[in-house]
2 protein chains.
Amino acid sequence: MIESATGLARDLLRGNRRALARLLSAVENAMPQAAEAMETLYSHAGRAHIIGITGAPGTGKSTLVSALARTYRKQGKTVGIIAVDPTSPFTGGAILGDRIRMRDLSGDSGIFIRSMATRGSLGGLAATTRDAARLMDAAGFDVIMIETVGAGQNEVAIAQLAQTTLVVDAPGMGDEVQAIKAGILEIADILVVNKADRAGAQNTVRALRLMVETGHPAIKSRWIAHHGELPESAIPVTDISLSDSPLWIPPILETVAHESKGVDDLLDQIAAHKAFLETNDPQGNLERAQLEIELLDRLRETLLQHLFAQLPAGTFEAAIQQIHDHDIAPHEAVQELMKHLQPKLIEA
Amino acid sequence: MIESATGLARDLLRGNRRALARLLSAVENAMPQAAEAMETLYSHAGRAHIIGITGAPGTGKSTLVSALARTYRKQGKTVGIIAVDPTSPFTGGAILGDRIRMRDLSGDSGIFIRSMATRGSLGGLAATTRDAARLMDAAGFDVIMIETVGAGQNEVAIAQLAQTTLVVDAPGMGDEVQAIKAGILEIADILVVNKADRAGAQNTVRALRLMVETGHPAIKSRWIAHHGELPESAIPVTDISLSDSPLWIPPILETVAHESKGVDDLLDQIAAHKAFLETNDPQGNLERAQLEIELLDRLRETLLQHLFAQLPAGTFEAAIQQIHDHDIAPHEAVQELMKHLQPKLIEA
């Protein structure tokens, strides 16, 4: 029996976990039910604090997420966790190793864990993960953590989903990883050096501190992108704790996640960042910028489906063949295919 | 003075490196010149062997690319190198550390190196990098190597660009990296264990061998995706060298790139893979599948531009505000905006 989207949405709002799980599957598989339920549920979302957790492989992100979840639970807060797994477009296979580390969280009804596969496109990650977070949000979870592995694009995607983005580092990563940090700093609201009991941890902290203190241009440009102008006094940065100026300087926190060390302080900083946003971005410019990226992704996919509905059978395949035969360049094929889209009406 | 696209295209075909550099910049910056020149040049492309090189940070990819380039030069082949850098959408800053290691290649006119930034979207990476490779291809380079850093999406993107994809590993990477390999195996035509003189190299080789020998489902699905059916005899795999069956089993090569050790063998395997494709995919199904992904990406962007040309001023911004205020869900906003696209003509 197929349950109605309206029924599932109603059950979700009543706290039914099974309805949440069903709708998460519907979102992940882009079923029509998902869109229908979202029309009811979207107005109930917008209350949770959405936290992104990212960083290079091997930094202990999942262990940290578990530790954060346990600490939030001690504060009486409910926690939704979305673990985004890099997958391949061929098999859809996900990385499940880390999920095993989260097993100890199960059995607590105040915690809901969901693994999601990214299914190829970043547009997919953005739209699907955001909608999954909205379902958990509407279901009443206080905190929603979205965790992803990756270097480069994935981190950027998570910063486009989360209100507060944690970038997790650890001692002993390679020098190329250090270089990637230059990009990571642009998306980090909070920098975490996990495995801080290991040799070299202080080097990692120092390297990050140096990067933040020298006022990496990324922080400037990020601020400008979000808020329009940069307070002169904020650069160069000499205090990496919360500054008096309305520029958020990413604090650097040390944790030993598997012993829950430093996790209370980390929670304090996450709360501080939330408060910072509420004070300094009351109009929600950050969220609006994120929604714009999402809406563009959705429009691209919808437009593509719309064009394909108009293309005569075989037209697309013929275009591929012509490109393959080097008869026409790809952008010429695009122009040909676009002719099948109904043109704008020209006003007389 | 702005040089004409036709003039630059003509100069490029004559071997003028400055014209190549100019057109690469035009491609990277999506200038109209690029499309115009491509109309002339595209029919001259299609001769080079395009090799993708990817792998986790710290595996020594750039050093390996340098070693490969030097060895190809000894064989009298010309080499184009495209180093794709993960960047942020905020500053466009690229990772330049590794590029420094390629400096020793400069001064040889048979080698042309270009760093490119991915500029946010994977669609961008696919279209821009492919066009860059086409320019080098039309300019007559025998081998074009595209190198990228990353975990997850980036690797998939590179496999969609290259004819032969090398996945580079090294001893001593974390266990999460091991997990990622399960995905990497799906895109690897050749597995390289670089830094093979280091402790633990044999463990890395064994881990990869085990993964390949147990006939990872990825290899099956990959074969099926590309070729339609799987020869029964190919699974389980017991010989990781070139099999008699028409299933390409990724060989595992050991290299010490900075001493050029193992690089000759690697070149042999790259040539073997090229020969394999020519024998087993004479219709170019692999390339057609890649072109399809590219054409879809290009269509998405062109359609979006087309819709925006039709939207009344402020419509998009108003939609963002409505989503932000939780008045309408994102997919409802999409439906509203789509109404501004001219509908299909209904035949009477």
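Student: Where in this predicted model does B:Ser260 lie?

Tutor: B:Ser260 lies in the loop that joins strand 7 (252–254) to helix 11 (263–280) of chain B. The phi of B:Ser260 is positive, about 60°, although the residue is not a glycine. Most residues other than glycine have a negative phi.

Student: Why does B:Ser260 count as partly exposed?

Tutor: A residue is buried with 20 or more other C-beta atoms within 10 Å, and exposed with 12 or fewer. B:Ser260 has 16 C-beta neighbours inside 10 Å, and therefore counts as partly exposed.

Student: What makes A:His326 partly exposed, and where does A:His326 lie?

Tutor: A:His326 has 13 C-beta neighbours inside 10 Å, so it counts as partly exposed. A:His326 is found in the loop between helix 13 (315–324) and helix 14 of chain A. A:His326 has a positive phi of about 60° and is not a glycine.

Student: Which residues meet where helix 13 of chain A packs on helix 14 of chain A?

Tutor: Helix 13 of chain A contributes A:Thr315, A:Phe316, A:Ala319, A:Gln322 and A:Ile323, which meet A:Pro330, A:Ala333, A:Glu336 and A:Leu337 in helix 14 of chain A. By class, this contact has six nonpolar, two polar and one charged residues.

Student: What makes helix 14 of chain A oblique to helix 12 of chain B?

Tutor: Helix 14 (residues 330–338) of chain A packs against helix 12 (residues 285–310) of chain B at an angle of about 55°, with the axes 10 Å apart. Angles under 35 degrees are roughly parallel and those from 65 to 115 roughly perpendicular. The angle between helix 14 of chain A and helix 12 of chain B therefore makes the pair oblique. The crossing of helix 14 of chain A with helix 12 of chain B is right-handed.

Student: Which residues form that contact between the chains?

Tutor: From helix 14 of chain A, A:Pro330, A:His331, A:Ala333, A:Val334, A:Leu337 and A:Met338 take part. They meet B:Glu294, B:Leu295, B:Arg298, B:Leu299, B:Thr302 and B:His306 in helix 12 of chain B. The classes are seven nonpolar, three polar and two charged residues.

Student: Why are helix 12 of chain A and helix 12 of chain B called roughly perpendicular?

Tutor: Helix 12 (residues 285–310) of chain A and helix 12 of chain B pack at about 105°, with their axes 8 Å apart. Angles of 65 to 115 degrees count as roughly perpendicular, so the term applies to this pair. Here A:Leu296, A:Leu299, A:Arg300, A:Leu303, A:Leu304 and A:Leu307 meet B:Leu296, B:Leu299, B:Arg300, B:Leu303, B:Leu304 and B:Leu307. The contact divides into 10 nonpolar, no polar and two charged residues.

Student: Why is helix 4 of chain B called mostly covered?

Tutor: In helix 4 of chain B, 10 of the 14 residues are buried, including B:Leu64, B:Val65, B:Leu68 and B:Tyr72. Helix 4 (residues 61–74) of chain B reaches 20 Å from its first C-alpha to its last, close to the 20 Å expected. B:Gly76, which follows helix 4 of chain B, has a positive phi near 85°.

Student: What makes A:Ile51 buried?

Tutor: The cut-off for buried is 20 or more other C-beta atoms within 10 Å. A:Ile51 has 27, and therefore is buried. A:Ile51 lies in strand 1 (residues 49–55) of chain A. Beyond its neighbours within four places in sequence, its contacts include A:Val143, A:Ala162 and A:Ile270.

Notes
Residues numbered from 1 in each chain as written. Chains lettered and ligands numbered in written order. Predicted model: local features only at pLDDT ≥ 70, side-chain atom pairs only at ≥ 80, totals over all residues. Axes fitted to C-alpha atoms, helices over the stretch in contact; angles between N-to-C directions. Helix = DSSP H or I, 4+ residues; strand = E, 2+ residues; numbered from the N terminus. Parallel < 35°, antiparallel > 145°, perpendicular 65-115°, else oblique. Left-handed = near helix turned anticlockwise from the far one by under 90°. Contact = placed C-beta atoms within 7 Å. Nonpolar A, V, L, I, M, F, W, Y, C, P; charged D, E, K, R; others polar. Expected span 1.5 Å × (residues − 1).
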